[in-house]
Amino acid sequence: MKSVGIIGLGAYIPEKIITNHDLEKMVETSDDWIISRTGIKERRIADEEMATSDLALVAAQRAMLDANIKKEEIDLLILVSMTPDMLFPSTACIVQGKLGLRNDIAAFDLSAACSGFVYALEVGKQFVLNGSCKNVLIIASEVLSKVIDWSDRNTCVLFGDGAGAVVLSEVDSGFGIQSSYLGSNGSLSNLLEMPAGGTRLPASHDTIKKGLHYLKMKGNELFKIAVKMMADSVKEVLKKANISYEKVDILIPHQANMRIIDAVSKMLGFSKDKVFVNLDKYGNTSAASLIIAMKEALEEKKLNEGNILVTTAFGSGLTWGANVIKWGGDLRKR
Ligand code: UT7
């Protein structure tokens, strides 16, 4: 059986910063409240003219450069986002065109909100395993700032924009994605949604007047489920990979809330030094958060060749999941 892993990684984070103090001028909130309840200090916001595919493009170019892969060598593009450029065509197709990838490859969007990257890693892996693709480009890109109600203090303090991309390929035996665990519960879909703009509530003056094109979240109810499902996902994925907790070098959780990350780490018995956190700088960038965190963990040498990395995520759907990855093993570096 082949081993499939990440051979290149890139990220793009917009330059514009909105601090908690900036938000204090926009809604009734405080730096203290935001830091103590979420751990977030600032977030990045894309320029007005930038859409999800624009961020995705830069992240993808950086990932292909990092992987030393030419655009002609990409055999499949999977894009994950809860903030697509438009309902159709898929943002994957828009990016495929912008990147100038081959026209005989499939490009599709995968919708699993904040868990999108965890899902896409497993989906992409299957295409490499079954031999139909050699190199799969996975992009996670979000411009959440455009679906947020900037007058709603319950949500506007939490999210940020950003993108990440990876190239998946065959790697040295024993390296790469060891196991994935994916789950969902659609009966709780109303806990995090954008109610209007689809076929249920098409765009109308009324939906706009009621602000139904904005992200709506029941944060308090989500919190408890997020902690349980992210922790359970790690337990399940490690069991599947037959890897003990002690063997894990680094846990990279979805960056939604510091209190969620702390609770998950405590439930699993991981010490703080094993858990990577950068949400103070970027807020919750949904599906992009894991790749942006991986990129920084690599730069900070907290993620190294041969390390056992565990990811875990949770999001709208509800969706959740985790991956165990033995980092590195690029066949070309033998
Ligand atoms: O990406 C994956 C999906 N998302 C998540 O997993 C998010 C999960 N949820 C959370 O992170 C937290 O629930 C939040 C950070 C969203 C909220 O924290 P909380 O401790 O659950 O607060 P709460 O919603 O219970 O609100 C407590 C109080 C309320 O006031 P009252 O009703 O007690 O008077 C809120 O109105 O805090 C108030 N509040 C704020 N106060 C100042 C809510 N947002 C703010 C704010 N500034 N920004």
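Where in the structure is the place of Asp-232? Start there, then show me what surrounds the topic.

Reply: This is a predicted model, in which local features need pLDDT of at least 70, side-chain atom pairs count only at pLDDT 80 or more, and totals for chains, interfaces and linings use all residues. Residues are numbered from 1 along each chain as its sequence is written, and side-chain values use heavy atoms, with hydrogens and water left out.

Asp-232 sits in helix 8, which covers residues 219-241. Helices here are DSSP runs of H or I with at least four residues, strands are runs of E with at least two, and both are numbered from the N terminus.

Is Asp-232 buried or exposed? Asp-232 counts as buried, because its relative accessibility is 18%. Buried means under 20% relative accessible area, exposed means over 50%, and partly exposed is in between (1.4 Å probe, protein chains only).

Now look at the side chain. Which residue does the side chain of Asp-232 meet in a polar contact? The partner is the side chain of Lys-228, at 2.5 Å. A polar contact is a pair of N or O atoms within 3.5 Å; within protein, one must be able to donate a hydrogen and the other to accept it, and residues adjacent in sequence count only if both atoms are side-chain atoms.

Asp-232 also has a salt bridge. Its side chain meets that of Lys-235, with N to O at 3.9 Å. A salt bridge puts a side-chain nitrogen of Lys or Arg within 4 Å of a carboxyl oxygen of Asp or Glu. Both Lys-235 and Asp-232 belong to helix 8. They are 3 residues apart, about one turn of the helix. An α-helix has 3.6 residues a turn, so residues three or four places apart point the same way. Side chains of opposite charge can pair when their charged atoms come close.

Ser-233 is buried, because its relative accessibility is 0%. The side chain of Ser-233 reaches back to the backbone oxygen of Met-229, at 2.6 Å.

Asp-232 and Asn-130 are 102 residues apart in sequence, and their C-alpha atoms are 29 Å apart in space.

How many salt bridges does the structure hold? The count is 12. One of them joins Asp-22 and Lys-25, with the closest N and O atoms 4.0 Å apart. Asp-22 is partly exposed, with 28% relative accessible area. Lys-25 counts as exposed, at 68%.

Another salt bridge pairs Lys-281 with Glu-296, the closest N and O atoms being 2.9 Å apart. This pair links distant parts of the chain: Lys-281 is in helix 10 (residues 279-282), Glu-296 is in helix 11 (residues 289-299), and they are 15 residues apart. Lys-281 counts as partly exposed, at 31% relative accessibility. Glu-296 is buried, at 8%. Elsewhere, salt bridges that share partners join Asp-75, Arg-102 and Asp-104 into one network.

Why is helix 11 described as largely enclosed by the rest of the structure? The reason is that 8 of its 11 residues are buried. Among them are Leu-290, Ile-291, Ile-292, Met-294 and Glu-296. Just after helix 11, Lys-301 takes a positive phi of about 60°.

One last stop is Gly-321, in strand 13 (residues 319-326). Gly-321 is buried, because its relative accessible area is 0%. Gly-321 and Glu-296 are 25 residues apart in sequence, and their C-alpha atoms are 21 Å apart in space.

Back to the start. Asp-232 is a buried residue of helix 8. Its side chain has a polar contact with Lys-228 and a salt bridge with Lys-235.
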